[in-house]
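Thanks for coming. I will show one structure and then go through what was computed from it, part by part.

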Amino acid sequence: MTETTQTQPPDGAFRPYIPRSPEYRAAAQALRGLRQDLFHDAFAYRPLPRASADGPLGRRLSGRTRRYAAWRPHALVAAAGALAMLVALAAQAEGPVGLVTGLLALVPVLLTLVRPVGAFWVSLTAAAACSVISGGFGDWPWQPGSIVSHLTVLTVVAIRTRPRTAAWMWVLTAAYSFLAEGLFGYRFSTNSAPVLAVSAFALLAVTVWHVRRSAEQEVTAQQSVTAHERSRRALLEERTTIARELHDVVAHHMSVVAIQAEAAPYRVENPPPELEKAFATIRENAVAALTELRRVLGVVRAEDYAAPDAPQPTLADLGTLLANVREAGLDVERAVTGAVRELPQGVELSAYRIVQEALSNTLRHAPGASARVEIGYVLGGLGLRVVNGPPPGPAPLRPSPGAGHGITGMRERVAMLNGEMTAGPAPDGGYEVAVFLPVPSAGEDAA
């Protein structure tokens, strides 16, 4: 026969885990919520903030009236407190009893402006005090002034806190009503049922408002995140497009360098070994650079992307572009100033794409308007200006909004070349895009 003894764990040791039932955990969590909502820092100072002056009412006002309109929540609460006080005075006979019950109805309402949770406890206490002071005059346990005051307090506190707090306030209000009826209700006619019903409807309306407001805030936040992600995705797509095009341009030039380096020794009769070795080194470096370029930048290509067979477009191809947009219905003219010269292919490609995108935006957003393309060859670079007028009165076509990548792509191309760009509405109601792409001189390139 064996005997089992249980010893208590020493101080500081971990006690064995004892599982709790779901009901116990739910009750404990509920009590923690009650303590946190209505007992912890119940009389903390939490002033009611002023209303926004940018609301529908504030925008219609101006000057001092608009500043005063920001205090309208405080004025509404004060008016509700004054109404509760008048109801309490009207329900009691003239004298100190009426004055005291009126003040007991006013103070909790005003207290919601600075200490909302504390105002609830003061309102319950004031309701009990009014019933005792009135000596059972009228219904029990809620006097007329206390009803208006407590309903106002419940509504204001529920608006300023969260739905769980509103539920706890209604539960405690019901507990007070049932306790007062159970102790002294047999002597009076009771009115707890209508008070609890009206307060439940009021708190339910506030809870629905809270839920709707939270949903609107979540939708607004989600829309902001979506817009940010859309803008970021557009930026990445434009950078990918630019990287593809530059990959094709650089790959073409590196291929030419490799071919010329391989063919150069055969153009010279009996070339010295040093020259053959130098050209062989140039070709090897060009091929190695081309291989690395394709390996690194190849990741930006989609699986279905195929490199164009024709060379990338340049400013010399603007005539074909303008002819195409004219066939699409856009009246466009071109003006070229300065000495036309050949520019680096990256600059030529970016300039062509910027003009192409600006004209496409004109077709989409200002159908029926005319446009003008100005190209200026200056000493330090290339200037571009694409401006369109406002669409005609009754537009022949509706604007067709695009994906919103146009301006983003232009800015990316300009930033890649260390250029400058401005885009915005023109004074006549149209839209203007102005770009300057710097082009270093031959001396700067050599340096």
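In which helix is Ile-133 found? Ile-133 is found in helix α6, residues 116–134. Helices here are DSSP runs of H or I with at least four residues, strands are E runs of at least two, and both are numbered from the N terminus.

Before going on, the ground rules. This is a predicted model, in which local features need pLDDT of at least 70 and side-chain atom pairs count only at pLDDT 80 or more, while totals for chains, interfaces and linings use all residues. Residues are numbered from 1 along each chain as its sequence is written, and side-chain values use heavy atoms, with hydrogens and water left out.

Now the overall picture. The protein chain has 14 helices and 5 strands. Of its 447 residues, 34% are buried. Buried means under 20% relative accessible area, exposed means over 50%, and partly exposed is in between, with a 1.4 Å probe and protein chains only. The chain exposes about 27,500 Å², and carbon and sulfur atoms supply 60% of that. The areas come from the Shrake-Rupley method with a 1.4 Å probe, and for residues only the protein chains shown count as cover. Among contacts with a separation of 6 or more, 71% are between residues 24 or more positions apart. A contact is heavy atoms within 4.5 Å.

Next, the inside. Which residues touch the most other members of the largest nonpolar core? They are Val-332, Val-355, Leu-359, Val-373, Leu-382, Leu-384 and Val-435, in a core of 30 residues. The elements giving two or more residues to this core are α11 (318–327), α12 (345–365), β2 (370–378), β3 (381–388), α13 and β5 (431–438). Helix α12 gives the most, with 7 residues. A second, separate core has 28 residues, including Leu-34, Ala-119, Leu-154 and Val-206. For the rule, a nonpolar core is a set of buried Ala, Val, Leu, Ile, Met, Phe, Trp, Tyr and Cys residues joined through side-chain atoms within 4.5 Å. In soluble globular proteins, nonpolar side chains tend to be buried together.

Leaving aside neighbours within four places in sequence, Val-435 is in contact with Ile-354, Leu-382, Gly-383, Leu-384, Val-414, Glu-420 and Met-421. Glu-420 in turn stands opposite Phe-436 in β5. Strands β4 and β5 run antiparallel and are joined by 6 bridges; two strands pair if DSSP finds at least two bridges between them. The two strands form a hairpin with 5 residues between them, and Gly-429 in the turn has a positive phi of about 100°.

Asp-41 has a phi of about 50° and lies in the loop between α1 (22–39) and α2 (56–60). Asn-418 has a phi near 60° and sits in the loop between α13 (406–416) and β4 (420–425). Asp-41 is partly exposed at 46%, whereas Asn-418 is exposed at 66%. Most residues other than glycine have a negative phi.

On to charges. How many salt bridges are there? The count comes to 8, where a salt bridge is a side-chain nitrogen of Lys or Arg within 4 Å of a carboxyl oxygen of Asp or Glu. Asp-37 and Arg-164 form one of them, at 2.7 Å from N to O. Asp-37 is in helix α1 and Arg-164 in helix α8 (residues 163–184), so this pair ties together parts that are 127 residues apart in sequence. Asp-37 is buried at 8%, while Arg-164 is partly exposed at 35%.

Another bridge joins Glu-216 and Arg-212, at 3.4 Å from N to O. These two are 4 residues apart in helix α9 (residues 192–263), so they are separated by about one helical turn. Glu-216 is partly exposed at 42%, and Arg-212 is exposed at 59%.

Glu-374 forms a salt bridge with Arg-372, with the closest N and O atoms 2.8 Å apart. Both belong to a network of salt bridges that links Glu-333, Arg-372, Glu-374, Arg-385 and Glu-432.

Last, back to Ile-133. At 37% relative accessibility, Ile-133 is partly exposed. With Val-97 and Val-100, Ile-133 forms a nonpolar patch on the surface, with about 190 Å² of accessible area together. Patches are made of residues with over 30% relative accessible area and no salt bridge, with like charges joined within 9 Å and nonpolar side chains (Val, Leu, Ile, Met, Phe, Trp, Tyr) within 5 Å.
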